[in-house]
Every structure is written in C-alpha cells, then in structure tokens.
Amino acid sequence: MRAIGQFFKNLMTNKAMLFMVLPGTLWFLLFSYLPMFGTIIAFKEYRFSRDGFWASIVNSKWVGLQNFKFLFSTNDAYIITRNTVLYNFVFIILGLVLSVALAIVLSEIVNKKLAKVYQTGMFLPYFLSWVIVGYFAFSFLSMDKGMLNQILGWFGMEPVQWYSEAKYWPIFLTLISLWKSVGYNSVVYLAAIMGIDKSLYEAAMIDGANKWQQIKAITLPMLKPLMTILTLLAIGKIFYADFGLFYQVPRDSGTLYSVTNVIDTYVYRGLKTTGEIGMSTAAGLYQSVVGFILVMVSNYIVRKYDKENALF
Amino acid sequence: MSKSKKKWLMPLTLLLSASMLLSACGGNKEESAGNGGGTAEKPVELIWYTIGTPQKDVDKVEAEINKYTAEKIGVTVDMKMIDFGDYNQKMQVMAASGEPMDILFTSSWAFDYVQNARKGAFMELDDLIETHGQGIKDAIDPAFLEGSKVDGHNYAIPANKELPAQEAWRFNKNLLDKYNLDISNVKSMESLEPLLKTIKENEPNVVPLAISKDFGPLLPFDYIIEKMPMAVYLDDKDDLKVVNFLEMPETMETLKLMNKFYKAGYISPEAATTTSTQDLMTSGNWFADRAATQPFADNLWSQSYGYPVVSTPAGDANIFNWSVMGSMQAISANSKYPEKAMDFLNLLNTDVYLRNLVDSGIEGVHYKKLSENVMENLPESKNYDMPTFALGNVMLTYLNPEDPENKWEEFKKFNESGKPAPLLGFNFDPSKVSTELAAVNNVKEEFWAPLMTGTVNPEEFLPKANQKLKAAGLDKIIAEAQSQIDAWKASK
C-alpha cells in the first residue's frame, strides 16, 4: 500500500515532466510495444481467417522454429551476416569520426551565415529517398553514359562495367551512406557543441591554450556522453541494414550480391514471391533479439569503465 | 537520471500497457451484419480493389455505376485502385491484417491467385457460381473456369480474354522500312541475328534488341513456378519429369547465343539492371523486342506508341496455368455480402452497359459511340484510362475504330488454336519446401538477370548457378514437385 501511495505522490510531483513525455510514451506503446504481440506469428504458419487478424493468428498452426530455418540454411547465411555487420560497423566508426569532425569545423567557422549554408547543404542528402540517390549514383556509374566512365575515357582508359564489378562496391556503398547520413548527425553534435559553456573556452584561452588544445581538452570530452549514447543506439541496429542503400543503389544487380546482399535484402528476395508473413516476422525477431543482446552487452561494457556515460 | 526517478517509470509503463491491451481487446467485437438487405432503396456497399494507376475520374464513374447497379441488383461499389507496382505488396498486407474488402483483383502475376487461395484469402465460389453466377458460366469460355481451379475448387472469376500465351518478335516498322528488312522468315533467335547486325552497323543510337532484366529467352519448358528453375519439357506430356532446366543443353545453347548478342552490342550494356524498356518505346530508339501477343496486337501497340509496330510469332500458342489465370476477380474471405458480390461479378461479366462504363467511363464525357459496338475516346478519357484486361469479360467491350469487326471471333479462334501445356491444371503447393524456396529464390535472383540478358558468359556462370542452387536445396523442391505431379497425374 505504501508503495502505491508513494507512486501516486511521485506522479503528482512530476506531473509536468510526465505530461511532456506522454506523447512519446504513447507513440512507443502504440507502435513498438503493442505490435510486439505479433511476434507470435514468427512461430506460426500464418493462414488467413475470415474473422479478422486476431482470429487468423489464433487459428494458424504452430510450427516451432521452422520459420527461422531459411535464415541459416545456406552458405548465404554467412555472407549476409558478414555484410550486414561489417558495413554497419564501418558506417558507425566512420560516421562518428566524420560527424564529430564536421561539427567541430562548422562550429569554428567565424562567418555564421556561411556556416549555415554549409550545414544546410550537408543536411540535404539526408532527406533524399534512396531511389533518387540510386539514380544519382547511376548517373556516375552508368556503363555508356556515366560520368565516371567518361572521365576514365579522357585518360585513355577502358570503361568499367561498374554494376557487375563487385570489388568496387564496398567503397561506393560506404561513401554514399556517409554522404547521406553525416550531415544529419553532425547537426546533432553541433547542437551539443553550442551548448558547451563558453566560459570554459575563455578560461582555456587565458591559460594560453590553442585551438587544437581547446578541442582536445574541452569539446571532445564534453561531447563524449552524446557520442557514447548515439553509438550504443547504433550498435543496437547493427543487424538491420538500410534496405534502400543495399537494394536501390546497386540497382539489384545480381553480380554484386556477394558484397551487397544483407539480411534485409535476403529476406525480401526470399519471400517476395511466397509472401510468408511468418518467415519475415521470424527474420525481424531474430534481428531484434540480436540487437537487444548487443545493446545490453555494450552498455554493460560502457558501465564497467565509465558509469556516467552508460545508457542505463 | 537519478535513482528515485527511475522507480516510478516501471509501474507507469505497466499501467499504461495494461490499459492499452484491455482497450485493444475490447474494441474488436464488430457487429455482424445480416446478409439480407441490398435493395434498390437501401443498397449494400461492396469494397472493390482493382489494379491499375489510380484515375482522376474514378469517383465520377463510380457514381454512375452505382446508379445503375443499385437499381438492378441492390448493390453499390466503392472502387479502390492500387497501382501495378504496389498491388502485390499492399494486398498481401491488407489481406493478412483482415482489412474489409469484398471483391479484389488477383492473378498469376500480381497478388498470386493460387497461393492466396490456399492461404485462405478468398472465398470458395463453387456454390455461389451455381446460385448467383449462372450468367458467368454462359458468358466465358469454360476452359477458364476449369483451368483456374485450385485443388478442385474455384476461388475467382477469370476474365474472358485470350486463353493461350504466345510470344512475338516486335519490330519498329520505320526502321524495317528504312533498311528494307524482311521479317517473314524470322522466328528463332538465330534468324533474328542478320537484322540486328544491319541495325547495329547503321544506327549507332538505336538499341537493336530492347530487353530488360525480366527477359527470358524462349525455351521449350513449362515452368512449375514462373522464373524458377523447376520445369518439365513442353512435349513431355506423359512422363512429366521435373528437371532443373538450367542444366539442360538447350538452355546452355540459347544463353551462349544471348551472350554473343550481348558482346556484339545488340543488347544494352545495362540490360541486367534495367527494370523497364518503356523509355526506349517512348523515344522510338529501338529496333526489335519480344512481347506476349494476341490477335490484332499490332494495332494496340502502334496506337499506344504513336508509330507503326509490326510483329511476327516467336513461338507457339500454348495454354499455361499462368495465361489462364492472367486476370481474375475474387471474393474476399471476409466479405460480409458474398452473394451480392457474386451478383455484381455476374453483371460485370454479362452486362454490356456496365462493363463498358467500368472500362471506358461515361458516354459523352469519356467516349462517344460511333455505332452499336464501336466507340472513340474523347479527350477526357485521359482522366479515366483503365486496364481493360483487368476488369472482367473483355469480349463485351466496344471496339475501337481501327479494330476489325470480327475481333472477338478472331479471339475465339485464337483460344481454340492454343495447345494445352503439360502442367495445365496442376498447381504446386510450396508449403512443405518454403525454407528451400526462400534460399533458392535468393540464388535465382543473383544469377537470373545476368545470365538471361547475356551479360555474363554462361559457360562460366551456369555451372556456378547450378551448384549454388543445389546447395540451396533445389533437389528437395524438385523431388517435392515430382511427387505432387505424380499424384496429380494419377488422379486425372
């Protein structure tokens, strides 16, 4: 009883704060927690029932782990897992370094108008759909009309069939992914830099610290909590590949699959003709569970070394 | 965040989720509507999902349709159009989540008819056709209803149209005339080569053979699933032996020829990643391609491209499962008014006025009539341009001024000329091998387009593909297909 009384007392004292998180909480409940009951489909052979969705779930046959099998049944299992994790790993590391570096550069530009122009310019790709980015890439990489092959032509080199040469694509995909995401992330870091107390820099300058020393001793340490949090969150998504990047940008070219096939595209290609919802749910559940474990482990590690910066 | 603040988070979350759960369960009971009703004064509304690019004037035409159908059978329809590219995925989600709908388009190539019938998306129609669909039985070729049975039952009403599938080589007539080329002897791919050569040498800006990544050379097989390696030979009517057609010598020969064409520059270097040749058709910068034909198809093509197109057959007219199931209307398993839906489908397939209203819009607004059964589009028709084949009995539609008077007779002749393919009437049930199918599908996607468009050397890549297909479990699928086919053969 006391606990409940305490609970309502807390509720009252924090009502303003609680009211502020209410929309977010509702959103998560509706779109993240409520659909979790649907994971049950991963263990069923989903068949339609005329009485609606719930009846369909209840009436479908249990099949145990059968739906998960297709993810692990071939050698492709290794390739898609390797591609997904490695690409995401590279994206996280390079994305972090570049975003922070850009944010610092932007914050140091004296002409604030110009800084805004750069910032907006880098922000723009984030809003482009992957289909459009795919066509941008195509205008560079097209065999007969692409810009890259024309440049090669000027130097007297043979044109390259970019869409069937797998070896170049890890670089292309990394570049394109960074081009699209770095602008957005750097704005997040820029906002954090703006929030750093200016008196710290003044004190440092009085002590004779140069720009580089200021960045190293003030900006980076102040950004560390944000960097840790964003990286931890990104690690949780390491098993999710960006479908548009790996499907639209290489134009679904079969000869590139060894370096472009990731878990999400594999699931899409495997199930687009049969449309087995049970199997796609199984794939989603598998990604989430692995992501969950990874977040827990990395958070545990962070907490071990630096309790302040851990997520929880 | 401090410790004390964390404590109340947990109970709050639990409380909120519990209340969500309760409300979700409570709101689920719907009123089950009675099935009577549906009079001219109080018509029932049917929700009808059709395929095609959404048109501006659908609401206008719908109002006109409803005036007629309410009077006639006590039904109004709410037409919902979903574009070709989205139809499959959107319908899969909507059917799975139990979205209310009464009539929906299904086919062998969009929202797969056989698989969704087996999954329980459609209502079984055997009795309904007898009681409410007698007109349909009289109006359409019986081969359609017979050929679209799944495990012995009908789940959809096929459109009365061309029954067999025949492929043809199409040519841009302007270029044929310019170089005085003769197509009367063209049939096989080899016979096409000299023509392609002429064009390649004289017209550097023209793509001699326009193909996209979906292209597949004509091979003598009936496929168990379209664009999958399992197949039987077209002339193997007795044994029905399932093979991996990629391992067969004909395939290797044909793909070598494709590769030769590709190296000679007859095919666009981007063919393996090109999803459509539509822009070539629009610009007219192509010489030849291959397409499914039907009687007087040249007229249709020339009219839609705005320049003359001629064609010559590339293969025989065969009746396949997928050609029979090319366009159908099903009644959703969750429909509240199945009888009324069947009444509507019956009228759509038998009533000339309704069929043309749905197809061409309102007379005097979207089209004008030139005679009893000939019509001409008015400028407004751009706001109501529907895919004729997808909306029921095609043979009720008015002719265009260019069409010959005997168009539908020719269609009937064409239908009679078709040879049944060996697997006509057999529908593979993939549920026992869905794991292997998913894996095989991935291998297929990897190799299909590069091989079929001639982009890669088949002598190197075909063995690689076959090896990977084997590793993915193709043999198990073939064995399963063979046992189902044997059982089907025995039951015939």
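Visitor: Which side chain meets B:E459 in a salt bridge?

Guide: A salt bridge is a side-chain nitrogen of Lys or Arg within 4 Å of a carboxyl oxygen of Asp or Glu. Here the partner of B:E459 is B:K256, at 3.4 Å from N to O. The two belong to distant parts of the chain, 203 residues apart: B:E459 is in helix α18 (residues 458-471) of chain B and B:K256 in helix α10 (residues 249-263) of chain B. Helices are DSSP runs of H or I with at least four residues, strands are runs of E with at least two, and both are numbered from the N terminus.

Visitor: What kind of model is this, and how are residues and chains labelled?

Guide: This is a predicted model, in which local features need pLDDT of at least 70 and side-chain atom pairs count only at pLDDT 80 or more, while totals for chains, interfaces and linings use all residues. Residues are numbered from 1 along each chain as its sequence is written, chains are lettered from A and ligands numbered from 1 in the order in which they are written, and side-chain values use heavy atoms, with hydrogens and water left out.

Visitor: Is B:E446 buried or exposed?

Guide: Buried means under 20% relative accessible area, exposed over 50%, and partly exposed in between (1.4 Å probe, protein chains only). B:E446 has 14%, so it counts as buried. It forms a salt bridge with B:K468, with the closest N and O atoms 3.0 Å apart; B:K468, at 26%, is partly exposed.

Visitor: How many salt bridges are there over all chains?

Guide: The search of the whole structure finds 36. Another of them joins the side chains of B:D57 and B:K60 at 3.8 Å, N to O. B:D57 is buried at 6%, whereas B:K60 is partly exposed at 45%.

Visitor: Which residues does B:N356 touch?

Guide: Contact means heavy atoms within 4.5 Å. Not counting residues up to four places away in sequence, B:N356 touches B:G361, B:L396, B:T397 and B:Y398. B:N356 sits in helix α15 (residues 352-360) of chain B and is buried, with a relative accessible area of 1%. A polar atom of its side chain lies 3.0 Å from the backbone oxygen of B:V352.

Key:
Polar contact = N/O pair within 3.5 Å; in protein donor to acceptor, adjacent residues only side chain to side chain.
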